Amino acid sequence: MASHDFPAGKLPETSLEIRLPQRSDQVDQDAEHCSVLVNGVWQDIRFHDYARIYRIPGLYEQLFHDVLDCQSPDVIGKVLKEELQTGGYEPESLRVLDLGAGNGLVGEQLRRVGPAHLVGVDIIPEAREAALRDRPDVYDAYHVADLTNLPADLLGELTRARFNTLCCVAALGYADIPPAAFSAAFNLISDRGWIAFNIKDRFLSDEDTSGFATFIRRLRDEGVLELLSSSRYRHRRNVNGEPLYYVALVGRKHRDIPAEFLD
Ligand SMILES: C[S@@+](CC[C@H](N)C(=O)[O-])C[C@H]1O[C@@H](n2cnc3c(N)ncnc32)[C@H](O)[C@@H]1O
């Protein structure tokens with residue numbers, strides 16, 4: 001697909017034409033799709049085909065934030081800031097790892113908090129390319145990597161970064177970040193570090209099939225993660241205009257996640 005030609009750091013001012021499908025019954029989030037007019041041709045794009053979405057400047061923002069009213073980067077940024085204030089923590093000492101960073105919307109929020117160091121990681125190269133194209137000043141570094149299979153040099157670099165904060169927004173569950181990758185990122189954060197993330201409410205319920213409900217309960221119950229705040233909120237709307245609820249969680253790490261938690 002041809003991508004539009006826009007200068008780095010500047011998103012298009014004209015909006016894209018986006019058509020949502022006719023009202024569809026019970027489509028789960030990972031099957032949602034839309035049509036977008038790109039260079040005069042209508043393209044059908046699945047919402048979870050992030051590579052295609054990131055290649056079109058402004059599409060992610062327009063689709064998820066303008067049309068579907070996604071609140072998550074704002075909500076996570078706000079609850080993290082509140083907990084930092086309550087904990088008496090100086091923003092200038094924050095060293096943040098943004099896991100599943102995408103095209104940098106969460107990084108943009110975090111940059112406003114004033115961290116000392118902010119690093120993005122995503123598994124697809126198109127995310128990094130979009131972040132550097134649209135928000136070149138947000139991250140100090142941005143890596144394309146699978147945290148469950150890190151090359152030794154990158155593991156060394158991430159370890160030397162001495163992160164004390166993990167953020168992971170709209171990226172857990174479905175075919176996105178599994179517990180093993182979250183765990184690897186968590187273990188890069190120092191003890192007493194801040195952990196801020198969100199997850200679909202269903203993935204914390206008894207009906208969960210993602211593995212996160214049991215995993216997060218265990219983190220809390222076995223003293224790995226001290227949960228400070230947990231709030232259910234509307235993450236965004238679905239293609240039918242109905243609300244999708246997520247839970248925003250902020251806590252402090254007490255120790256590394258042991259390997260057996262992933263069995
Ligand atoms: C819905 S986007 C969220 C992007 C950004 N956090 C935001 O809120 O705007 C989910 C992101 O998670 C990334 N992702 C999926 N699986 C991943 C993995 N195993 N490791 C790192 N990133 C992953 C995807 O490539 C995508 O960029």
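Contact here means heavy atoms within 4.5 Å. The structure is a predicted model.

**Helices α7 and α8**

In α7, the residues Pro179, Phe182 and Ser183 meet Phe212, Phe215 and Leu219 of α8. By class, this contact of α7 with α8 has 5 nonpolar residues, 1 polar residue and no charged residues. Helix α7 covers residues 179-186 and helix α8 covers residues 212-221; the two pack at an angle of about 30°, and their axes are 11 Å apart. Angles under 35 degrees count as roughly parallel, so α7 is roughly parallel to α8.

**Helices α3 and α4**

The other pair consists of α3, residues 72-86, and α4, residues 105-113. Their packing angle is about 30°, with 9 Å between the axes. Helix α3 is therefore roughly parallel to α4. The crossing of α3 and α4 is right-handed. On the α3 side, Pro73, Asp74, Leu80, Lys81 and Leu84 take part in the contact, and on the α4 side Leu105, Val106, Gln109, Leu110 and Val113. Sorted by class, the contact of α3 with α4 has 7 nonpolar, 1 polar and 2 charged residues.

**The ligand**

Which residues are the closest to the ligand? They are Tyr54, Tyr60, Gly100, Asp122 and Val169, from the 17 residues that surround the ligand.

Technical notes. Residues numbered from 1 in each chain as written. Predicted model: local features only at pLDDT ≥ 70, side-chain atom pairs only at ≥ 80, totals over all residues. Heavy atoms only, no water. Axes fitted to C-alpha atoms, helices over the stretch in contact; angles between N-to-C directions. Helix = DSSP H or I, 4+ residues; strand = E, 2+ residues; numbered from the N terminus. Parallel < 35°, antiparallel > 145°, perpendicular 65-115°, else oblique. Left-handed = near helix turned anticlockwise from the far one by under 90°. Nonpolar A, V, L, I, M, F, W, Y, C, P; charged D, E, K, R; others polar. Near = heavy atom within 4 Å.
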